[in-house]
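Here is a walk through one protein model, for anyone new to reading structures. Have a look at the picture first, then follow along.

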Amino acid sequence: NQNRFPCNKSAWYFLFLVLGYILYLIFGAVVFSSVELPYEDLLRQQLRGIKRQFLQEHKCLSEERLERFLSKALEASNYGVSILNNASASWNWDFTSSLFFASTVLSTTGYGHTAPLSDGGKAFCIIYSVIGIPFTLLFLTAVVQRIMVYSTWRPIMYIHTHWGLSKPLVAVVHATLLAVVAVSCFFLIPAAIFSALEKNWNFLESFYFCFISLSTIGLGDYVPGEAFNQRFRELYKLGITGRLYLLLGLIAMLVVLETFCELQQLKQLRKMFYLKKEKPQDRLTIMEHDHLAFSSMPDGTVNSPQEDKTEPFVDFPVLTSPGGDDPMIK
């Protein structure tokens, strides 16, 4: 009964976690609906008015033909192809744009403003993603693990050893400072740069783009380098967004998240919802019980508990660190 109580407690915590997540989804749906629905209705009314006025000014054009034309134009726009004169100069599948698309696919950002047009391109995108996304995760994990040694574990251990401060306190202060530096370098400063380079973006829209990109949400409503007569468009997409900003930003976000995950307070919080690890003494008791239960069977029919080398399934973090449960010891 004593062994069952922690399991039941963990199950109740997990049930509360599931209910909390469902309530959070409902809360988001209610807020988005209440905020965005009036704007959608206003936009629909404006489009209907513009369409009605256009048909009145061009009576030789029937509404049916206009609907067919608009349907084709919108279908092409969903694939990133625009019929506007100011968009005809830029191509979606030149080398720099294709490199930008490949980086968004591998990082699972997927803005959605550009999509493969041909069946061959769609098939290659599937194969490319199946191989590339795990490859990217492996690459990011290896990079972040090496950065964590110099950005988190060694600084915390140095301060703890030389200054005599409490390790949990040092870890909290260090994680906070690291988060401030990351937000400044990869959100605030890039947002100011994007708002200056993109004519139609204000600071809030630029900050929104940075967050949507580095969180790999990638809604696609804001994509840099798509403005008319964008100066140095190829270099802009290749350098700032294609490789440097997205890649370095993702690495920085993963370093910050892993640093927070190493905090003892968050470890204790996670343990509330995880399955409990089987303790060695509990394993020994179970094996002794099994040995007694099968002791009446002939020799050689069962393996002894000492010969059973199977380890129980335990949870482990995605980004492992040298030093086991407390990586800063190393």
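## The overall picture

Take the contacts (heavy atoms within 4.5 Å) between residues at least 6 apart in sequence: 61% of those in the protein join residues at least 24 apart. Keep in mind that this is a predicted model, where local features need pLDDT of at least 70, side-chain atom pairs count only at pLDDT 80 or more, and totals for chains, interfaces and linings use all residues. Residues are numbered from 1 along each chain as its sequence is written, and side-chain values use heavy atoms, with hydrogens and water left out.

The protein has nine helices and zero strands. Here helices (H or I, at least four residues) and strands (E, at least two) are DSSP runs, numbered from the N terminus. Of the 330 residues, 25% count as buried. Buried means under 20% relative accessible area, exposed means over 50%, and partly exposed is in between (1.4 Å probe, protein chains only).

## Helix α4 meets helix α5

Two packed helices are described by the angle between their axes and the distance between the axes. Axes are lines fitted to C-alpha atoms, for helices over the stretch in contact, and angles run from 0 to 180 degrees between N-to-C directions. Helix α4 (residues 119-163) and α5 pack at about 135°, with axes 10 Å apart. That makes α4 oblique to α5; angles under 35 degrees count as roughly parallel, over 145 as roughly antiparallel, 65 to 115 as roughly perpendicular and the rest as oblique.

Which residues of α4 and α5 meet? Among them are Pro 155, Ile 156 and His 160 in α4, and Val 170, His 174 and Leu 178 in α5. By class, this contact has seven nonpolar, four polar and one charged residues. Ala, Val, Leu, Ile, Met, Phe, Trp, Tyr, Cys and Pro count as nonpolar, Asp, Glu, Lys and Arg as charged, and the others, Gly among them, as polar.

## Helix α5 meets helix α6

The axes of α5 (residues 167-197) and α6 (residues 203-214) come within 8 Å and cross at roughly 130°, so these two helices are oblique to each other. The contact includes Phe 186, Phe 187 and Phe 194 of α5, and Phe 203, Phe 207 and Cys 210 of α6. Its residues divide into 13 nonpolar, two polar and no charged.

Cys 210 is buried, with a relative accessible area of 0%, while Cys 185 is partly exposed at 40%.

Thr 104 sits in helix α3 (residues 95-106) and is buried, with a relative accessible area of 3%. Not counting residues up to four places away in sequence, Thr 104 touches Thr 109, Gly 110, Tyr 111 and Leu 246.
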